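Subject: Structure handover

Hello,

Below is the structure I said I would pass on. My notes on it follow.

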Amino acid sequence: HAMGSQVGEVLLYYCYCEVKDPEKLCAWQKALCQHLHLTGKVRVASEGINGTVGGSKVATSLYIKVMLSQPLFKNILCQEDFKSSAGGGHCFPDLRVGVFKEIVPMGIDPKIVSYKETGIHLSPQEFHREVEQYLSQASQGQSDTILLDCRNFYESKIGHFQGCLAPDIRKFSYFPSYVDENLELFKDKRVLMYCTGGIRCERGSAYLRSKAVCREVYQLKGGIHKYLEEFPDGFYRGKLFVFDDRYAICSNEDIISACRYCGVLWDQYKLCSSQHCRQLVLTCPSCCNKGLTACCPVCQEKELKVTSRASGQTLKEECECTRRRPRVPIENVSRILDTGK
């Protein structure tokens, strides 16, 4: 197809708004994406829409135009809310549009913790100034601020803000428990939160605020995506993890993570070679060539004996990686406060 031949782009956006008929919005959205030959993932709920789609530049700009003229999003969604990066339809295996309870899976009923109770939004410039101040105070051991990464461990591993606290959690639905288990950490603190495009902060900050322990909660508007547009060589170091076949996008040449096997600097993820496993692994080309392609020895051995259900669907099996990681890590308060030093 001619439309998909040239280099295109991937869009990331969300819009919190009241959706009376999610099924209807879902059908419309699916038809729109199919018409424009876009692939990707779109979540629709009564609380709004969240999507990441890829296609030709012509298609993505048409998509933005149509989205901005959709009466539901009028005066809420604007051109700035779309984050874009080089890519295209090939970055996603297919198109998935569905109705869900939440547009970002935190696992807390939107009626209980609403996006309307969110923290204070900071522009990339304001956030940059805040981080600068935090780092200079932390280096003197006198910070009352926590710079909190709301993403999962495999995201923050390959890129994060200097001096941040990055929870060792596997998915965002563990974030509320992480907050509950570590409330002492947030007591009387100013919290600066960030995530990929801003959406996890909308609910995450609302959850943190509902606990009424922090002094203030701030969040980076537009997420790391928008920050890197303004400060490609700022306080965010490493790559930005993305949830598509690219795995990461690059704004500076820094590599902050290492090969799991030999420790050489490496930040390009591959899927664990064991069929049942969905973990991502950092294994450098030379280790790959030696056949070290699984996330851990357990998986490496299992590769030979794949466990399947009767339906032929593969089982997600526990391995060393999942067993070693507590579901919700408990932070050592005094250790965290030393991170800036």
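Phe-175 touches Leu-148, Cys-150, Ile-169, Met-193 and Gly-204, leaving out residues up to four places away in sequence; touching, or contact, means heavy atoms within 4.5 Å. This is a predicted model, in which local features need pLDDT of at least 70 and side-chain atom pairs count only at pLDDT 80 or more, while totals for chains, interfaces and linings use all residues. Residues are numbered from 1 along each chain as its sequence is written, and side-chain values use heavy atoms, with hydrogens and water left out.

Cores

Phe-175 is one of the residues that touch the most other members in the largest nonpolar core, which has 33 residues; the others are Leu-148, Tyr-178, Phe-186, Met-193 and Leu-208. A nonpolar core here is a set of buried Ala, Val, Leu, Ile, Met, Phe, Trp, Tyr and Cys residues joined through side-chain atoms within 4.5 Å. Buried means under 20% relative accessible area, exposed over 50%, and partly exposed in between (1.4 Å probe, protein chains only). At least two residues of this core come from each of strand 1 (8-16), strand 7 (145-149), helix 5 (175-181), helix 6 (183-186), strand 9 (190-194) and helix 7 (199-210). Helices (H or I, at least four residues) and strands (E, at least two) are DSSP runs, numbered from the N terminus. Helix 7 gives the most to this core, with five residues. Domain 1 (8-99) and domain 2 (120-247) both contribute residues, so the core lies between them. Another core, of 23 residues, lies apart from it and includes Leu-11, Ala-59, Leu-77 and Phe-82.

Domains

The protein is divided into domain 1 (8-99), domain 2 (120-247) and domain 3 (258-307 + 315-321); the bounds come from an automatic or database domain assignment. The centres of domain 1 and domain 2, taken over C-alpha atoms, are separated by 25 Å. The contact between them takes 19 residues from domain 1 and 14 residues from domain 2.

According to an unreviewed UniProt entry, residues 141-236 carry the annotation "domain: Rhodanese". UniProt positions are given in the numbering used here, feature names are shortened, and annotations may be inferred rather than shown by experiment. The span 141-236 is 36% helix and 20% strand, and its end C-alpha atoms lie 21 Å apart.

Helix 8 (residues 223-230) has six of its eight residues buried, so it is largely enclosed by the rest of the structure. Those buried residues are Gly-223, Ile-224, His-225, Lys-226, Tyr-227 and Leu-228.

Salt bridges

A salt bridge is counted when a side-chain nitrogen of Lys or Arg is within 4 Å of a carboxyl oxygen of Asp or Glu. The count comes to 16 salt bridges.

- Arg-190 and Glu-130 meet through their side chains at 3.0 Å, N to O. Arg-190 lies in strand 9 and Glu-130 in helix 3 (residues 124-139), so the pair ties together parts that are 60 residues apart in sequence. Arg-190 is buried at a relative accessible area of 14%, and Glu-130 is buried at 17%.
- Arg-200 and Glu-155 form a salt bridge at 2.7 Å, N to O. Arg-200 belongs to helix 7 and Glu-155 to helix 4 (residues 153-156), so this pair ties together parts that are 45 residues apart in sequence. Arg-200 counts as buried at 7% relative accessibility, as does Glu-155 at 0%.
- Asp-244 pairs with Arg-246, with the closest N and O atoms 2.8 Å apart. Asp-244 is buried, with a relative accessible area of 6%.
- Glu-47, Glu-102 and Arg-203 are linked in a network of salt bridges.

Lys-157

Lys-157 is in the loop between helix 4 and strand 8 (159-161). Lys-157 counts as partly exposed, at 41% relative accessibility. Leaving aside neighbours within four places in sequence, Lys-157 is in contact with Ile-256, Ser-257, Tyr-269 and Leu-282. The C-alpha atoms of Lys-157 and Asp-168, 11 residues apart along the chain, are separated by 9.4 Å.

Confidence

The mean pLDDT (the predictor's confidence in each residue, from 0 to 100) is 90, and 91% of the residues reach 70 or more. Where pLDDT is low, the predicted coordinates should not be read in detail.

Regards
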